[in-house]
Amino acid sequence: MSTGDDDNHGDPLQQQPEEEDGGGYGDVAVGGGLFSVPGYEWADVAALGPDVAGRAVRVRGAAHAVRAVGRRVAFLVLRQGSSTVQCVVGGGGGGGGGGDAGVARFAAGLSRESVVDVAGVVSLPREPVRGTTQQEVEIQVKKLYCISKATPNLPISVDDAARSEEDVVKAKAAGEQLVHVGQDKRLDFRVIDLRTPANQAIFRVQCEIENIFRQVLLSEGFVGIHTPKLIGGSSEGGAAVFKLDYNGQPACLAQSPQLHKQMAICGGFERVFEVGPVFRAEDSNTHRHLCEFVGLDMEMAIKDHYSEVCDVVDRLFVAMFDHLNKNCAKELEAINRQYPFKPLKYLPKTLRIEYDEGIRMLKEAGVHVEAMGDLNTESEKKLGELVHTKYDTDFYMLCRYPSAVRPFYTMPCSDDPRYSNSFDVFVRGEEIISGAQRVHVPEVLARQAEERGIDVGSIAAYVDAFRYGAPPHGGFGVGLERVVMLFCGLGNIRKASLFPRDPRRLNP
């Protein structure tokens, strides 16, 4: 094999491809893929526009579609991320030697989703190219190499996985039949499903949400921390924990960073936040629950009132939603094409209503709710509709919950201990945030834990942390995937999890 580059001679990772007939096309040997193509500069598909016409570029991506036109020409749609460009193979663009017929035949034989390298010249088509994101340019292919062959019979296709439910329904009504890829099959072959434009956009939006969460809290004096995920007892109370053996000791995966982020406040960090995994062993096969999710948590010292925590939530999420609408328009459009949703309505100053007012609104609407009880899913949905109608917002806070429905570490209200200094935040009628002032008095904390049936000995280190001096404090936790799901109106949290873990799924 000729290396074509003295600097790379003898390096198995810098091999030249096995070219067919010396025509500038062919398969790359196993273990290869890293090689130079002199005269062609690497380029991103998303950056290809009329301003780079005439430039010799090299692009790597997936063979999204291939169409042969006669024996000497083929059209290859190359996909990189969520961007696509048409590549004209043959038709005078071949590299000589084997001629246009050879390279066109090679292109036509590529299996869809194979990873290929295209080296060619950016040109302006006579008319805009339909069916690609880069419609104003195409690439006249000079060299074409297959880096990694995809199996010819894919379990699902990207086109089928990218199809909206609406398209399937319309086709059925017209007497046509389109392939519908169900949720389970998508997740079984998630690595292919992730290639759709909507999924590429969903996880870019997710990244933006995480980044804004960090940036806003850092700007407000918070410090990022990392708490242990292996703990000796339940962090939320109850039995919904994944138990394991820890060097001969019983242990479990943390349901929340709650206990340790409070201990960080006791340790002198007045404001902390964490982004990390959370584990819940709940047998909840619903559209909104996962057994593992990414928690966005914060805790802060309180000076006068627990509403200070609500103030941070207000600024944080309004800034987050503003950022997404301003900077992620392209991604939101891609999501909306496959999963249509209405833009989230929210107020510049987030609405806050008390629990009792929410209950009153539900009762006036004829909804039966248990006095001093927690709201079930149907009641939350209905209250969201009532709030939307009355206040024209999909995002609001419900404050001052009954103490009986909050975790043991929640501070009771000083004027009426039946209620607590707590709040939940709702998006589109579903709860995404649970927050409160915490109990920082060890005797009260131990008593409330006992009343909930929690073994105080298993959380002794946590309770003892407050015996050494602890400031009043509070905080909240929110699931990253749930924020994505509700902001984008996805309808199922599994769409917002890269590789979801629910009671029935541990693979891939």
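What distance separates the centres of domain 2 and domain 3, taken over C-alpha atoms? The answer is 34 Å. This is a predicted model, in which local features need pLDDT of at least 70, side-chain atom pairs count only at pLDDT 80 or more, and totals for chains, interfaces and linings use all residues. Residues are numbered from 1 along each chain as its sequence is written, and side-chain values use heavy atoms, with hydrogens and water left out.

**Domains**
- The chain is assigned domain 1 (25-148), domain 2 (158-194) and domain 3 (197-496), with bounds from an automatic or database domain assignment.

**Domain 2 and domain 3**
- In domain 2, 12 residues are in contact with 11 residues of domain 3 (contact means heavy atoms within 4.5 Å).
- About 780 Å² is buried between domain 2 and domain 3, and carbon and sulfur atoms give 43% of that area (buried area is the accessible area, with a 1.4 Å probe, that two parts lose on being put together, summed over both).
- Q183, R190 and L194 lose the most area on the domain 2 side, together 50% of what that side buries.
- Between domain 2 and domain 3 there are zero salt bridges (a side-chain nitrogen of Lys or Arg within 4 Å of a carboxyl oxygen of Asp or Glu).

**Helices α10 and α11**
- The axes of α10 (residues 355-364) and α11 (residues 377-391) come within 10 Å and cross at roughly 90° (axes are lines fitted to C-alpha atoms, for helices over the stretch in contact, and angles run from 0 to 180 degrees between N-to-C directions; helices are DSSP runs of H or I, at least four residues, numbered from the N terminus).

Notes: Helices (H or I, at least four residues) and strands (E, at least two) are DSSP runs, numbered from the N terminus.
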